[in-house]
Amino acid sequence: PNYVITYDLVKQDIIASKRLRKNSQYHSLKISSNGKLIVFVEEEQGDDNDEETKVRLCDRSLDECRTVELDDMKRVTALEYSPVHDLLALGTQSGDCLVLNTRNQRWRKGPKVYDSPIRAISFNSSGSSIAIVASDDKLATFLVQDGEMKNPVTWQGRYNGVNSICFVPNRPLLATGGNEQVIRLWDIHK
């Protein structure tokens, strides 16, 4: 059997354990900046070989997990917590990006700039901007205000599969990495 075990490094003790479903795969595990919320994607293989995708949000203080409801649940391919605000950004197989306010469970859909699957999402350290990369190697940054993504700026490259993206702290730069085994820096002010 598969289990998720929460371990307190300070107390060196197991806080909680939860048995996982047998026919499920789990990916994109993220923990909120305050450490109270854990989110992950669960993909369950059905009897008829259909995959059901669920985003599970676990509240450590209540020791409970709930399924995050989306209007039209598509396969979630990337997710990221804001380091400051109670926001969770999700990217989908169809190229959509959604932002969830984890306090009031309100969803906001971002501007459509992608037609291919989202590969990675990153917030800057203040939570005021978000960067996204898709499988067609298109990068975009957005301002985030009240959970809404605004003012997209996009770059298109041919870099053989960018798989990860992050903001460089205290600099106007993005770092990307991918199949080329090269880290690239992007000046977001140009």
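Salt bridges and an open sheet in a predicted model

Four strands pair in the antiparallel sense to form an open sheet, in the order β11-β12-β13-β14. This is a predicted model, in which local features need pLDDT of at least 70, side-chain atom pairs count only at pLDDT 80 or more, and totals for chains, interfaces and linings use all residues. Residues are numbered from 1 along each chain as its sequence is written, and side-chain values use heavy atoms, with hydrogens and water left out.

Trainee: Which are the edge strands of this sheet?

Mentor: Two strands pair if DSSP finds at least two bridges between them. Strands (E, at least two residues) are DSSP runs numbered from the N terminus, as are helices (H or I, at least four). An edge strand here pairs on one side only, and that holds for β11 (118–123) and β14.

Trainee: In β14, which residue is the bridge partner of Ala-140?

Mentor: Strand β13 covers residues 138–145 and pairs with β14 in the antiparallel sense over seven bridges. The partner of Ala-140 in β14 is Thr-154.

Trainee: How many salt bridges are there?

Mentor: Side chains of opposite charge can pair when their charged atoms come close. The rule asks for a side-chain nitrogen of Lys or Arg within 4 Å of a carboxyl oxygen of Asp or Glu. By this rule the count is three.

Trainee: How many residues apart are Arg-103 and Asp-86?

Mentor: Their side chains meet in a salt bridge at 2.3 Å, N to O. Arg-103 is in the loop between β9 (97–101) and β10 (106–109), and Asp-86 is in the loop between β7 (76–81) and β8 (87–92), so the pair links distant parts of the chain. The separation is 17 residues.

Trainee: Is Asp-96 buried or exposed?

Mentor: Asp-96 forms a salt bridge with Lys-109 at 3.6 Å, N to O. Asp-96 is in the loop between β8 and β9, and Lys-109 is in strand β10, 13 residues away. Buried means under 20% relative accessible area, exposed over 50%, and partly exposed in between (1.4 Å probe, protein chains only). Lys-109 at 54% is exposed, whereas Asp-96, at 6%, is buried.

Trainee: Why does the pair of Glu-148 and Arg-108 tie together parts that lie apart in sequence, and how many residues apart are they?

Mentor: The two side chains meet in a salt bridge at 3.1 Å, N to O. Glu-148 lies in strand β14 (residues 148–156) and Arg-108 in strand β10, so the parts that the pair ties together are apart in sequence by 40 residues.
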